Structures are given as C-alpha cells and as structure tokens.
Amino acid sequence: MSGRGWAAALISRVAAFAAVVVLIGSLPWLSGNSPEYTILRARYADREATPEVLAQIRGELGLDRGPIAVFADWASGVFTGDFGTSWISGRPVLPGMLEALGVSLTLMGAALTVALCMAALLCLPVLRAGLAGRPSRGSGAAAAALTALPEFLLAAVLLVIVAVWLNWLPPYGWRGIEYAILPALALGLPGGGLIGRLVATAVAGVFTERWVHTWAVAGHSRARIALAVLHRAMSGVVGQVALVVVGLTGGAVAVEEVFAVPGLGRALLGAAASQDIPTLQAGVLLLLLLAAVCGGAAALIRRSLLGPAGRSGHLPVPGPPLSPRRTWWLVPAISGGALLALIVAGLMRDPYGSVYGRLQSPSWALPLGADASGRDVLARVGHGAVDTLGLALAVTAACLVIGLIIGLTGAWSTGPVEVTNAAPPIIAGILVVAISGPSAAGAAVAVTAVSWAPLAAHTAALVAEISARPYVRSLPQLGVSRARILVGTVLPALLPEVTRHALLRLPGIALALAALGFLGLGPQPPAPEWGLLLAEGIGYVERAPWTVLGPACALVLASVLAVSLSSADGGRNLRPASDLPAPDAEPDDGQKPPRVTDGAGQHSEALAGR
Amino acid sequence: MSVGAEPEATSLRGIDLSRTFRSRSRVVAAVEDVDIAVLEGESLGLVGPSGSGKSTLLSLLLGTERPDRGEVLFNGAPLVGRQQLREARQAVQFIPQDPASSLDPRRTVEHQLREPLRRFGIEGDHKSLVQDALEQVGLVTGYLGRRAHELSGGQAQRVAMARALVTRPRILLADEAVSGLDLPLRNQVLDLLKQLHARDGLGLLFISHDLTAIHQLCQRALVFDHGRVVEEGPTSELFYRPAHPTTQELVDAIPLLPA
C-alpha cells in the first residue's frame with residue numbers, strides 16, 4: 001500500500017471510530033423519554049409516575065441538559081477511566097464489564113480453536129484434489145450446512161443432548177474448563193464452516209495459477225506446494241477470517257444466554273433489556289476496541305503474507321475459472337426441491353388457527369406436529385418462508401451493493417468496515433432497540449447496517465490484488481482512466497467472487513434476522529417468522545423436538561441451496577475447456593504449439609504424473 | 001488528435017532522473033542521475049544485466065512511476081497532469097515484458113484492441129483499424145474472438161504489439177519484448193520492429209539484456225548498470241570496442257558458433 005493509502009486508512013479509521021463514539025456517547029439522549037420509566041420501575045418502585053418524579057430522574061441522570069452536555073459528560077469520564085454508574089444497580093460499570101470481557105475472551109479462544117479445526121477438515125479435500133491435479137471447490141454442502149446452523153439452536157441442541165440426556169458435561173454456569181466445551185462448540189462450529197469455505201475457495205483458485213504447475217514440474221514435494229498454496233491463498237482471506245473472529249462476539253450473546261455464561265454478550269443483552277445505558281455504552285466500547293485489535297492484526301498478517309509482490313505488481317494471474325462438475329446441479333436441485341415442497345405444503349395450510357392439541361406429535365394429518373399453542377408447525381414454516389427469506393434476500397442485495405460501493409473506495413473503507421464489524425447484528429440490534437424499540441423493520445435495518453462490512457472488506461482486498469496484476473497495470477498506458485479501470489475491469493473481475501460471498505451470507509443474514517427474533521429484538525408474535533418459530537419452540541425442545549425441527553430444517557435447506565448455487569456460478573459463463581474451438585493452424589512460422597488447454601488441464605498432467 | 005497537423009518530431013526525454021526504493025532492510029537506488037532521449041525516427045537500445053533498473057526507468061518514462069528527482073519531458077513539456085499524460089500516452093506506446101499476463105483473461109482480443117481506440121477518441125472505422133494492427137504483426141484471421149488463454153506465448157506477444165500499434169504511436173518502448181520467444185519468432189518480431197522504424201519512422205526504445213538483439217535493431221545504445229548509464233555510443237562501437245567492464249561482460253556472454 002502506498003503512503004497515501006496508509007494515510008487514507010488511518011484517517012478513515014479515526015473518523016469512523018469518532019463517529020461511533022459519538023453515537024455511543026449520545027445513546028442516553030437518543031433513546032428519548034423511555035429511560036425514566038425504566039429507572040422509575042427499577043429504583044423507585046413505590047413512587048407514582050408523576051411528571052415531577054420523572055423530571056427529577058431526568059435531572060439525576062443529566063438528560064435534561066441536551067445532547068452535547070450528555071456526550072461531553074460521558075466522554076470526559078471515559079478519558080479518566082470512569083464509565084459512569086449503572087442506572088439500575090447504582091454501582092460503577094467498568095469493573096464488572098472487564099470481568100465479563102475476560103470470560104468472553106476465554107470462550108472466544110476456545111471457540112476459535114474449534115473453528116480452526118473445523119476449517120482445516122473442510123479444506124483438506126480441496127487441497128488433496130488440487131495436489132492430485134483436479135482443482136475443485138467441492139459442492140460445499142457440508143460447509144453450507146455448518147454456516148447455516150444458528151448458534152443458539154446448536155447451543156440448545158447440545159445442551160439438551162450432551163448435558164441433559166447424556167449427562168456428560170455441565171449444562172449451566174462458568175466454574176471450570178468443562179463448562180467452556182459446549183459453548184465453544186456451539187460458537188465455533190458455524191464460524192469454522194465459514195472460514196473453511198472461504199479458504200477452500202481461495203485454495204482452489206490458487207491451484208489454477210501457473211506457478212503451481214511450474215513448481216510441480218520442478219519436483220517440489222507435495223507438502224511444500226501445499227504450504228505455498230496455503231500461504232498464497234491466506235493473503236486473500238485473512239481479513240475475512242479476522243471478521244469471522246470478531247463476529248464471534250455476536251454469536252456469543254446468544255450462546256452465553258443459553259448456557260448462562262457470565263460474559264460480555266450476556267451483560268449487554270441484560271443492559272439492553274433493562275435499558276441500563278451506561279452498562280451498554282461500556283460494553284459496546286470494549287467490543288469496538290477488541291475489533292480494532294483484531295483488524296490491525298489481520299492487516300499486519302496480510303501485509304507480511306503478500307510481501308513486496310503486493311506492492312510492485314508481481315502477483316500471479318489465476319488460470320481460467322474452473323469448469324463446474326457435471327453433477328453440480330444435484331445438490332441445489334435436491335435441497336431446492338425439498339424446500340419448495342415444504343413451503344408449498346405449508347402455504348396451503350393455516351398458520352394462525354389453534355385447532356390442534358398443545359404440542360401434538362407429528363402424524364399423517366399433521367406432518368410436523370403442533371406448537372405450544374396448538375398451531376400447525378408445517379403451515380407456520382411455509383408462511384414464514386415468505387417473511388424470512390424475502391427479507392433476508394432484500395437485506396443481502398442491499399449489503400452487496402453497499403459492500404461493493406464502499407469496498408471500491410479502497411483504503412478509505414478500512415475504518416467503517418472495521419468499526420461496523422465490531423458490531424455484529426445482535427449488537428446492532430441491541431443498539432437499534434435501545435433507540436427505537438423492537439420491530440421487523442428495525443431488525444432489517446440493524447442487520448443491513450452491519451452485514452455489508454465483510455463484503456466491503458472482501459471487495460477492498462480483491463481490488464488491491466487485481467489492481468496489482470500486470471494486465472490491469474498496463475491499462476493507464478492505453479488511455480483508460482482510473483475510474484474506468486475500477487468499474488470496467490476490476491469490478492467485473494471481482495463481481496462473481498463477491499456475489500458468491502454474498503450468497504454465502506444469505507443464510508447467515510436470515511439467521512441474524514432469526515436471532516434478533518429469538519432474542520425478542522425483531523418481529524413480534526404471532527408473525528410466523530422462522531427466528532420467532534425457533535424461539536417459540538426452543539423452550540420445548542426436550543419434550544417436543546418437532547417444534548424446532550421444522551424451522552431448523554427449513555433454514556438448513558435454504559442455506560445449502562444458496563451456497564451450492566453460488567459454487568456453480570463460477571462456471572456459469574464459461575464454456576468447459578473441452579468445448580473451446582480448436583486453434584487455427586499456424587502455417588507461417590515454426591512457433592510452439594498454442595497453449596490452448598486451460599491451466600487446470602496442464603497441472604493435472606504434471607501433478608498426477610508425480 | 002495530435003495526428004492532424006504535422007508538428008516537429010515527437011520526443012520523450014528524461015532529465016537527471018533518480019528513483020530510490022526503500023525496503024525494510026536496505027535502500028536501493030534503482031535509477032540514479034540518468035539522462036535519456038527517445039526521438040521519433042531514431043532507434044535507441046538500452047542494455048544492462050537483470051536487476052540494473054531498466055524496468056524502473058521505463059516506468060518513469062511512461063509516467064506510471066514518479067521520479068524522486070529530475071523530470072520527464074514529452075515534446076519539451078513536463079509529463080505531469082492529466083491532459084499532458086493523455087497526449088503522451090497516445091503518442092508513446094509500450095510493449096510489456098510478459099505479454100500473456102498483460103492481457104485481460106476475461107476479454108477478447110478484439111475488445112482489448114478497441115479499448116485504446118475508444119479511450120483516446122480516435123476517429124475512423126475501429127474494426128478495420130484493429131484488423132490492420134493485427135495484420136501488421138502477422139496475425140491474419142481468427143484471432144478477434146480469442147481470449148488470453150487461447151493464445152500461445154508468441155501470439156500473445158504479437159497481440160500485445162498490435163495493441164500498442166493500434167493507436168498509431170510515434171514512439172514505441174519495448175521491455176524485453178523478445179526475451180521470452182524462440183529464435184524464429186524472435187527474428188520475426190525484430191524484423192517487424194525494424195520495419196516499423198525504417199518505413200514509418202517510429203521512434204524506438206528497445207530494452208533488453210540481450211546485446212545481439214540491440215545490435216540487430218538499434219543505431220545507438222546505452223549500457224545501464226546499478227541504476228546508472230555506464231557507457232553510451234553507436235551500437236557497433238559498443239559491440240566491437242566495449243570500454244566499460246559491464247559492456248565487456250555482456251559482449252562476452254554472447255554465444256558464438258564454433259569457427
């Protein structure tokens with residue numbers, strides 16, 4: 001990155017950080033009139049809500065002095081290490097929050113270990129296929145299913161099966177290492193699926209670069225080639241991986257809630273529920289700092305991985321995109337068909353009528369059983385598809401557009417991306433609820449506001465990488481302006497990969513919406529929204545697992561469909577290598593036979609012949 | 001644009017150019033106090049061992065890299081500002097070192113040749129201009145719809161040349177343009193460049209580590225080492241009476257047929 005790029009990144013970081021600090025500092029004022037009632041109920045339960053009492057409370061909190069004074073009070077306190085006192089308990093906020101942060105960091109460390117093991121397992125087949133000379137991304141069904149597993153559902157299922165039925169591990173609390181295992185699994189598996197998927201895609205792409213073929217011919221060992229391929233692939237995805245790590249904080253809210261782990265996420269949720277704004281402010285600020293540290297570390301790692309090649313324009317050019325497997329349509333067809341059948345069957349039934357027995361078990365007349373109010377689960381899942389998937393699709397499209405636009409600004413996007421990522425959907429949802437109260441629109445806004453960031457980060461990384469390719473660097477000489485290079489050459493080159501990434505996030509976004517519903521921060525009952533269905537069923541998962549099974553299956557099917565479709569996309573606009581027209585014979589000179597076969601074909605021979 | 005009226009000969013000059021790179025552990029002066037002039041109608045060679053700073057000098061002349069000191073003059077005016085760069089880029093084209101990777105893998109040959117015509121707003125029938133340029137480099141039919149991975153190394157090199165020639169430049173800079181080619185093809189490309197120079201009066205800066213190619217093509221040459229011009233003169237002079245040790249080494253490295 002040039003000196004100007006570093007300066008831009010620094011300025012953008014400072015500006016974005018300042019904007020968020022101002023937002024956080026103004027929370028008490030932004031949340032309007034509602035806090036007084038909360039505090040009245042919490043502290044002075046014996047008093048009447050007369051205007052005089054409310055005004056007195058406002059005076060105590062300093063809310064009557066306007067936004068600037070409220071922010072100035074808070075900011076000067078923060079600089080001296082005083083984060084204020086809790087509106088509910090009246091005790092200083094900071095010591096408790098630091099303790100909670102320690103617990104959360106331990107949990108995240110354990111979850112990260114789980115995630116990395118999972119990612120390694122998912123990458124292994126791709127690496128082996130590449131070394132055998134058949135670079136392939138795999139259909140990704142397993143990874144898609146893993147990314148789709150909602151942390152809170154996984155948490156609840158693990159709790160019921162491992163802790164309650166099998167009695168292998170403790171179900172609640174935080175008193176030793178054995179208490180961390182289940183939360184770490186619930187938190188780490190989905191993240192591991194996503195990391196594994198990103199790295200596998202990058203690894204498959206690197207295997208189409210010509211140097212891999214050259215190394216194979218030169219007799220380098222498979223282990224050495226594998227290491228070099230991983231090294232090269234990681235430079236593109238290390239930023240993503242950092243984002244996934246930061247994103248763990250959001251999942252941690254639900255997981256900590258289910259397992260009663262006294263971490264930062266649970267503290268935040270409690271603070272939002274009781275409108276304890278000072279606690280909320282301290283927690284969000286700590287999360288921001290954590291994210292800034294992760295982002296900085298990722299940038300350093302990426303720089304050292306790319307080395308000078310990233311700055312001097314000597315990155316290898318990938319071969320033509322891989323042609324899809326002949327059976328690529330199989331996974332999407334099956335999952336799509338099953339989902340469609342589920343939705344169509346459900347749409348023909350009534351989602352609101354309580355005509356069955358409470359928690360009635362499944363039968364031919366009632367294929368997915370009834371919920372706690374005696375409503376048909378199949379009908380609610382079918383009708384919920386329109387709500388959940390429709391909203392998730394709209395949010396995904398919005399995120400793709402925002403991510404591309406912001407990512408194309410290069411270094412300027414650094415700050416907003418890092419800051420936005422520090423606020424996973426649940427945290428954003430908590431902030432939105434603190435400002436405007438829970439609603440479906442609020443949930444969509446909260447999820448959109450934070451979900452564009454990974455796409456912007458990916459776009460920015462690809463812009464840097466593609467701009468360093470020789471064919472892009474030669475364009476200015478042909479009179480192509482910088483803006484036109486960006487839009488006409490760089491954008492089309494990165495669009496398939498970023499769109500793929502956006503589709504990969506569709507289930508995640510559906511889940512973020514669902515998670516907000518689950519935590520009571522999104523659509524309100526009796527809407528048949530999938531997240532709400534899961535939330536309603538989760539209390540009965542032990543007695544009536546079907547109440548959760550229906551919506552969970554629907555979400556997993558939808559995510560497998562989205563991801564397997566996006567895997568096929570890379571080959572959509574490319575003919576298979578064997579269908580390329582034969583090159584014209586070269587009658588005039590004795591040059592080498594034209595290299596028409598694709599790069600993949602060439603290494604297949606070299607690598608397989610080893 | 002600048003083709004209309006007949007102005008004086010196009011020229012590209014570097015005056016007292018220096019460019020230094022800093023890496024973590026050391027400071028490398030890639031180009032140091034170099035004066036160079038590429039004129040329409042002349043053919044200049046730039047020879048030097050690998051890593052001597054030739055490609056950096058080229059980037060400075062093309063305006064893609066800014067010098068730390070000194071300046072680049074196009075037709076006597078400093079090469080800064082959009083308008084000046086645009087005019088210079090139309091009149092000064094360049095053939096890259098690695099043609100295969102300098103072509104966009106996603107676009108057809110035709111699209112990539114039309115691009116500069118559109119960008120520089122050149123009038124006329126673009127299709128026939130593209131055809132002419134391809135014919136000039138010996139690619140007759142069936143190449144318009146191909147993409148980079150459907151071309152051999154030699155074909156890609158010639159497409160890159162055609163792309164440089166399609167805007168009818170007055171000066172051509174070639175960076176190791178023949179070093180990746182086999183002998184018959186190398187001679188073919190050298191002949192083509194020689195013909196462009198002799199027939200159309202195209203100015204040439206031919207950068208190479210291969211003194212034989214320079215001798216075949218250029219009247220004068222600079223010998224470049226460690227970022228400095230160490231010797232300068234008519235090519236035959238350098239070839240037969242090398243004065244500087246670097247030149248000596250380069251001449252000694254030419255393989256000879258046994259007598």
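Modeller: Helices (H or I, at least four residues) and strands (E, at least two) are DSSP runs, numbered from the N terminus. This is a predicted model, where local features need pLDDT of at least 70 and side-chain atom pairs pLDDT 80 or more, while totals for chains, interfaces and linings use all residues. Residues count from 1 along each chain as its sequence is written, and chains are lettered from A, ligands numbered from 1, in the order written.

Start with chain B as a whole. Its elements are nine helices and 10 strands. The chain has 259 residues, and 47% of them count as buried (20 or more other C-beta atoms within 10 Å; exposed is 12 or fewer, partly exposed in between; C-beta atoms are placed from the backbone). Now take its contacts (C-beta atoms, placed from the backbone, within 7 Å). Of those with a separation of 6 or more, 68% join residues 24 or more positions apart.

Next, follow strand E1 of chain B, residues 11–22. E1(B) pairs (at least two DSSP bridges) with strand E2, residues 27–39 of chain B. Nine bridges join E1(B) and E2(B), and the two run antiparallel. One place to look is Leu12(B), whose bridge partner in E2(B) is Val38(B). E1(B) is also joined to strand E4 of chain B, residues 69–74. Here there are five bridges, and the run is again antiparallel. Look at Arg13(B): opposite this residue, in E4(B), stands Leu73(B).

Stay in E1(B) for one more residue. Asp16(B) lies in this strand. Its phi is near 55 degrees, which is positive in a residue other than glycine. Asp16(B) counts as exposed because 12 other C-beta atoms lie within 10 Å.

A positive phi turns up at Arg168(B) too, near 50 degrees, and this residue is not glycine either. Arg168(B) sits in the loop between helix H5 (153–165) and strand E7 (171–175) of chain B. Arg168(B) has 17 other C-beta atoms within 10 Å, so it is partly exposed.

Now chain A. This chain has 24 helices and zero strands. Of its 610 residues, 51% count as buried. Among its contacts between residues at least 6 apart in sequence, 78% join residues at least 24 apart.

Ile181(A) is placed in helix H9, residues 178–206 of chain A. Ile181(A) and Ala111(A) are 70 residues apart in sequence, yet 8.5 Å apart in space, C-alpha to C-alpha. Ile181(A) counts as partly exposed because it has 17 C-beta neighbours inside 10 Å.

Leaving out residues up to four places away in sequence, Val203(A) touches Cys123(A), Val126(A), Leu127(A), Gly130(A), Val229(A), Leu230(A) and Ala233(A).

Finally, check the confidence. Chain A has a mean pLDDT (the predictor's confidence in each residue, from 0 to 100) of 76. In this chain, 81% of residues reach 70 or more. Over residues 569–610 of chain A the pLDDT is below 50. This stretch still has 76 contacts in the model beyond near neighbours in sequence. Where pLDDT is low, the predicted coordinates should not be read in detail.

Methods:
Contact = placed C-beta atoms within 7 Å.
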